[in-house]
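Have the viewer open as you read.

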Amino acid sequence: MGEDIRQAFTGLWSHKMRSFLTMLGIIIGIASIISIVSTIKGTNEQIKQNLIGAGNNNVDIKLCEGENDYEIGWRGIPANVALITDEIKAEIAAIDGVASATYYHSRNYADGIQAGDVTLDGGSIYGIDEHFIKTRGYQLKTGRGFTEADFKNFKKVLLLDDNAAQTLFPGTNPLGRIVDIMGEPFTVVGTICQADGFEPVINSMEDYYTYYQNAYGMVLIPDSTWPVLYNFDEPVNVAVMATNTDEMSRVGKAVEDVMNKLVRSDNNEGQSIGYKATDLLKTVKNLQEVSQSTYTQLIWIAGISLLVGGIGVMNIMLVTVTERTSEIGLKKALGARRKKILRQFLTEAAVLTSIGGILGVLMGFILSRVISVITATPAADSIGAAVLAVAFSMIIGLVFGFLPSVKAANLNPIEALRRD
């Protein structure tokens, strides 16, 4: 085999231009496929990043009526949903894939939040526990977070996100200032921001409704002081952090099932109240499938050039067999077996296309970078695709080189030696 490979390289080097032009179809086809695969991978990661963020892996499990969030502020407390228990919390904590969990109350488009004459129109207010900041991927920006004493002593303190702080206290430090919420004074003790600087990309109304509360501003108060403003017996929503992004759907469904143990089946007629997980990962996969199907069509189109390249390989190998007829006849006259001749020409075809495959992979990586810069489309290298591309190019050489190799192996040595 080593001698066959050496002879293959010698033959290719003796006809450098012809060999390169033969490989060109393979190079272009492999380069096209590699660049498309790199773009697919980069785009899919960008879709996931845009919707999920960098490592938050958050899943919200909210009380819903049908497909829509159940707004307690507008609809009132549902009679068939029990308050959460420590047993339910323990069951959720024990679910495989749950890194942390937080339980919170919320009001979207909350009214009556103001500082002096400035009102936080359209903002949200959350009554949170001690795990909310970490689980939801926030961090303190200024000031302090809630302490155990804040929860235990029902202190009227609050945290603001950047948008709420800039709206209520433009150009000034909000720490220590008073925010009036429905006539109750709360003291600002800190401000928060996303821990990873994640800013979602809003491309549809669905994306907007997923992230709109962040755009208007968010106010956090201890859940122990929630009854000061609202009801003490409201059902809670849940947010869990999955151990990794791929676990989000499974973890969300598992927590949803546990939370629905709190929902009795005696719903009023026409209602379907229960807890539902916001499956962002499913949304991501749906979008990725759309982009994948488009790129798959492009890969098939690029594959046509590989077919053309394979035909070119077959053609040049037939020419090579014709040129080397006397050599083949001499080898057979000296005792070379049919399978030896077959293996030699198959090896030469495989080496030819393998070199083309390697050059195609390198060109594909370069091309993907150029496309990324020109179109601002992310690209990510796929080592697996590169290995498969080279292996596939070798297979092309074996398939399209088979007929010429058989022709060479079947030459009659006497007839071959008579040819010049």
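## Aromatic pairs

Phenylalanine 146 and phenylalanine 151 are both buried (under 20% relative accessible area with a 1.4 Å probe, protein chains only; exposed is over 50%, partly exposed in between). Their ring centres sit 6.0 Å apart with the planes at 90°, so this pair is edge-to-face. For Phe, Tyr and Trp (its six-membered ring), a pair needs centres within 6.5 Å; planes under 30 degrees apart are stacked, over 60 edge-to-face, and the rest tilted.

The count comes to 6 aromatic pairs by that rule. Phenylalanine 132 and tyrosine 138 make a stacked one, at 6.4 Å centre to centre and 10° between the planes. Phenylalanine 132 is buried at 0% relative accessibility, and tyrosine 138 is buried at 10%. Ring pairs also tie Tyr104, Tyr126, Phe132 and Tyr138 into a cluster.

## Ground rules

This is a predicted model: local features need pLDDT of at least 70 and side-chain atom pairs 80 or more, while totals for chains, interfaces and linings use all residues. Numbering runs from 1 along each chain as its sequence is written, and side-chain values use heavy atoms, with hydrogens and water left out.
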